[in-house]
Amino acid sequence: MNENIEILNHIYTSSEMGVVSLTNILKELKEKENKIKKDISDELTLYEKYLKLSKKLIKKYKGDLKKNSMMIKMMSKMGVKKEVTNDNSDASVAHMVIEGLTMGIVDMETKINNYKEVVDKDILDIASDYLEFQQEELEKMKKYL
């Protein structure tokens, strides 16, 4: 597989899970008075931006779009529901979001390190921007802990 397509597909699947997870969190918090909802909504908007951008570039590079399975999405939804039902405090929600961001950051850093010598500079820049976005969001969530 072309490394450009592989790193773009990683951004796509990672941002897709971000969209799915954050959308589910916001649904679960809909009737609640959590202060964290604004930051989660803003983060969701940025994930949607990266989702659209990566999809567009995968098509441009004539690659096959890899999506997360329905099972993974359903497991995420059930996990969010369980966690929010158990504890819907801002600290608990932030902890859940931080766990997802941490996994995404580690995976993105690995992809960048593995492919920085072989992918196009434009793709590497997008991957680096995506990584920076996740790191910034993680820092924003820490204030709720």
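A polar contact is taken here as a pair of N or O atoms within 3.5 Å, where, within protein, one atom must be able to donate a hydrogen and the other to accept it, and where residues adjacent in sequence count only if both atoms are side-chain atoms. The structure is a predicted model, in which local features need pLDDT of at least 70 and side-chain atom pairs count only at pLDDT 80 or more, whereas totals for chains, interfaces and linings use all residues. Residues are numbered from 1 along each chain as its sequence is written, and side-chain values use heavy atoms, with hydrogens and water left out.

Helices are DSSP runs (H or I, at least four residues), numbered from the N terminus. Helix H1, formed by residues 3-28, has 26 residues and reaches 37 Å from its first C-alpha to its last, which is close to the 38 Å expected at 1.5 Å a residue; the expected span is 1.5 Å times one less than the number of residues in the helix. At the start of H1, a side-chain oxygen of Asn2 comes to within 2.6 Å of the backbone nitrogen of Asn4. H1 is mostly covered, with 20 of its 26 residues buried, where buried means under 20% relative accessible area, exposed over 50%, and partly exposed in between, for a 1.4 Å probe and protein chains only. Glu28, which lies in H1, is partly exposed, with a relative accessible area of 23%, and its C-alpha atom is separated by 25 Å from that of Ile105, 77 residues apart along the chain.

Helix packing was described with axes, which are lines fitted to C-alpha atoms, for helices over the stretch in contact, with angles running from 0 to 180 degrees between N-to-C directions. The axes of H1 and helix H2 (residues 37-60) come within 8 Å and cross at roughly 150°, which makes H1 roughly antiparallel to H2, given that angles over 145 degrees count as roughly antiparallel and angles under 35 as roughly parallel. The residues of the contact of H1 with H2 divide into 15 nonpolar, 7 polar and 5 charged; in this division Ala, Val, Leu, Ile, Met, Phe, Trp, Tyr, Cys and Pro count as nonpolar, Asp, Glu, Lys and Arg as charged, and the others, Gly among them, as polar.

H2 also packs with helix H4 (residues 90-115), at an angle of about 20° and with the axes 13 Å apart, and H2 and H4 are therefore roughly parallel to each other. The crossing of H1 and H2 is left-handed, and the crossing of H2 and H4 is likewise left-handed; a crossing is called left-handed if the near helix is turned anticlockwise from the far one by less than a right angle, and right-handed if clockwise.

Individual residues in the later part of the chain complete the description. Lys62, in the loop between H2 and H3, has a positive phi of about 60° although it is not a glycine, and Lys62 is exposed, with a relative accessible area of 74%. Ile72 lies in helix H3 (residues 70-86) and counts as partly exposed at 41% relative accessibility; the C-alpha atoms of Ile72 and Met17, 55 residues apart along the chain, are separated by 8.7 Å. Asp87, placed in the loop between H3 and H4, counts as partly exposed at 35% relative accessibility, and 41 Å separates the C-alpha atoms of Asp87 and Glu3, which are 84 residues apart along the chain. Ile126, in helix H5 (residues 121-142), counts as buried at 16% relative accessibility.

How values were computed: Helix = DSSP H or I, 4+ residues; strand = E, 2+ residues; numbered from the N terminus. Parallel < 35°, antiparallel > 145°, perpendicular 65-115°, else oblique.
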